[in-house]
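Thank you all for making time this morning. I would like to walk you through one structure, and I will begin by putting it on the screen.

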Amino acid sequence: MAAATGSVPAVTDLFRYPIVQAPMAGGASRPELTAAVCRAGGLGFLAAGLKTPEAMYQEIRVARGLTDRPFGVNLFLPQRPVADAAAVAVYREQLAGESSWYAAPLGDTDTGGGDDGDGDDGYEGKLAVLTETPVAVVSFTFGCPDAGVLGALARAGTVTVVTVTSVAEARTAEAAGAAAVCVQGVEAGGHRGTHRDDPYADRGSPGLGLLTLLAQVREAVDLPLIAAGGLMRGAQIAAVLAAGAVAAQLGTAFLVCPESGADPLHKRALTDPLFPHTELTRAFTGRPARGLVNRFLREHGPYAPAAYPQVHRMTAGLRRAAARAGDPQGMALWAGQGHRMARTLSAERLVRTLAAELDEARAALLAGPGGTAAAAPGTANAAGPPAAPPQKGEPA
């Protein structure tokens, strides 16, 4: 693992337990969730995607008022246009019936509007805020910043993390000077963090599973790796640590916590037998994202064009109207493949439970088949007292 440079800490210095709460755009990763994860010994993240620079700054201020522990902020990289205007127009016509059903107009695809910043998601403004008032970590999704941006953040004392979905993307991040990479397997919920949205990629394999991708990236770059994709239990965290990661990033596991800002309908749907499967779809945003299979996804997913953020803007009002109507069949129910394993615990309790499960899994590995070795106290991280034992299913 590469050592920290200058005043920038190593990413492993930022948490007691190797548990990272994924940044989930759309309201789930609110400051209350981020701070609770940090207080429990994990690393929490705010999601600045789809927010203005001012809204991001206000969330940072709130989080700082709730915890003195390090936390991170995630940014979306500006996207190169890939949309076919004719395909977008056809999709708009297809969604006319949804607009009538929910009594909600389709959004304007040419301007950001609302609270999702300007055409490039307010990227430059957010960078200005984060260099002037630094946070501990800044991660990037949908691309890799240039060396100048990463260098400026490093000089401010910030650890930089780039989300990658391939070996080529990991090498790009290393060459640009990223401090670490978040390796996202295809099991992950929400948007795929690919650096380039290839409209033809949907015709083949959607991507590699986490363990395979993690092994490939580990051999290709000399950077700390944070593993993400379908992780819901401490034993899975132990597996990715054994495979070379320094930490595990979980999103869906934290989505159901009371501190999460996700819609209650979304939280309930994660374990509802009506929604047993997930799929990658462009139906809601025009970019591949994994969500629970509902009516909207089934009916419109096969026809949605590669057009982000145009489709996101077009469907935003529909999704809000479906939520107001109490209809999860019209909502974007982002979820990873492990969603049925979600537990309704407070964020702090979930971190401690995961850490205890990690201790147990490591002890079992050390004991070997048929072994009886007990977990060494606090082995999830050498510092501090042992984690509290897990209480599966315990309410928050």
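I will go through the cores, then some helices and strands, and finally the aromatic rings.

Before that, a word of care: this is a predicted model, in which local features need a pLDDT of at least 70 and side-chain atom pairs count only at pLDDT 80 or more, while totals for chains, interfaces and linings use all residues. Residues are numbered from 1 along each chain as its sequence is written, and side-chain values use heavy atoms, with hydrogens and water left out.

Let me start with the cores. A nonpolar core here is a set of buried Ala, Val, Leu, Ile, Met, Phe, Trp, Tyr and Cys residues joined through side-chain atoms within 4.5 Å, where buried means under 20% relative accessible area, computed with a 1.4 Å probe on protein chains only. The largest such core has 99 residues, and L75, F140 and F254 are those with the most contacts inside it. Its largest share, seven residues, comes from helix 14, residues 347–367; helices, as I use the word, are DSSP runs of H or I with at least four residues, and strands are runs of E with at least two, numbered from the N terminus. There is also a second, separate core of 17 residues, which includes L14, V137, A180 and V246.

What does F140 touch, if we leave aside its neighbours within four places in sequence? Counting as contact any heavy atoms within 4.5 Å, F140 meets, among others, N74, L75, Y123, P145, V149 and V162.

V161, whose place is in strand 5, counts as buried because its relative accessibility is 4%. Not counting residues up to four places away in sequence, V161 touches V137, V138, S139, F140, A180, V181, C182 and I226. The C-alpha atoms of V161 and C144 are separated by 9.2 Å, with the two residues 17 apart along the chain.

Turning to the helices, helix 7 has V167, E169, A170, A173 and A176 buried, and these buried residues pack against helix 6, strand 5, strand 6 and helix 8. Just after helix 7, G177 takes a positive phi of about 105°. In helix 8, residues 210–220, the buried residues include L210, L213, L214 and V217. They cover an arc of only 100° around the axis, so they sit on the same side of helix 8, the arc being that of the directions from the helix axis to the C-beta atoms. Among the elements that cover the buried residues of helix 8 are strand 5, helix 7 and helix 9.

In helix 11, residues 264–269, we find H266, which counts as buried because its relative accessibility is 8%. Apart from its neighbours within four places in sequence, H266 is in contact with L255, M331, A332, L333 and W334.

Now to the strands, where two of them pair if DSSP finds at least two bridges between them. Strand 9 pairs in the parallel sense with strand 1, residues 19–21, over three bridges, and with strand 8, also parallel, over three bridges. Within strand 9, L250 is the bridge partner of Q21, and A247 is that of I226. A247 and Q249 point one way from strand 9, A248 and L250 point the other way, and all are buried.

Elsewhere, three strands form an open, antiparallel sheet in the order 7-11-10, with strand 7 and strand 10 at the edges, each pairing on one side only. Strand 10 and strand 11 are joined by four bridges, and T281 has A289 in strand 11 as its bridge partner.

Finally, the aromatic rings. The structure holds four aromatic pairs, a pair being rings of Phe, Tyr or Trp (its six-membered ring) with centres within 6.5 Å, and planes under 30 degrees apart count as stacked, over 60 as edge-to-face and the rest as tilted. F142 and Y308 have ring centres 5.6 Å apart and planes at 65°, so this pair is edge-to-face. Both F142 and Y308 are buried. By contrast, the rings of F284 and F296 have centres 4.8 Å apart and planes at 20°, so that pair is stacked. F76, F142 and Y308 form one aromatic cluster, and R287 lies over the face of F142, at 4.1 Å from the ring centre; for a charge to sit over a ring, NZ of Lys or CZ of Arg must be within 6 Å of the ring centre and within 35 degrees of the ring normal.

Conventions
Buried < 20%, exposed > 50% of the residue type's maximum accessible area, 1.4 Å probe, protein only.
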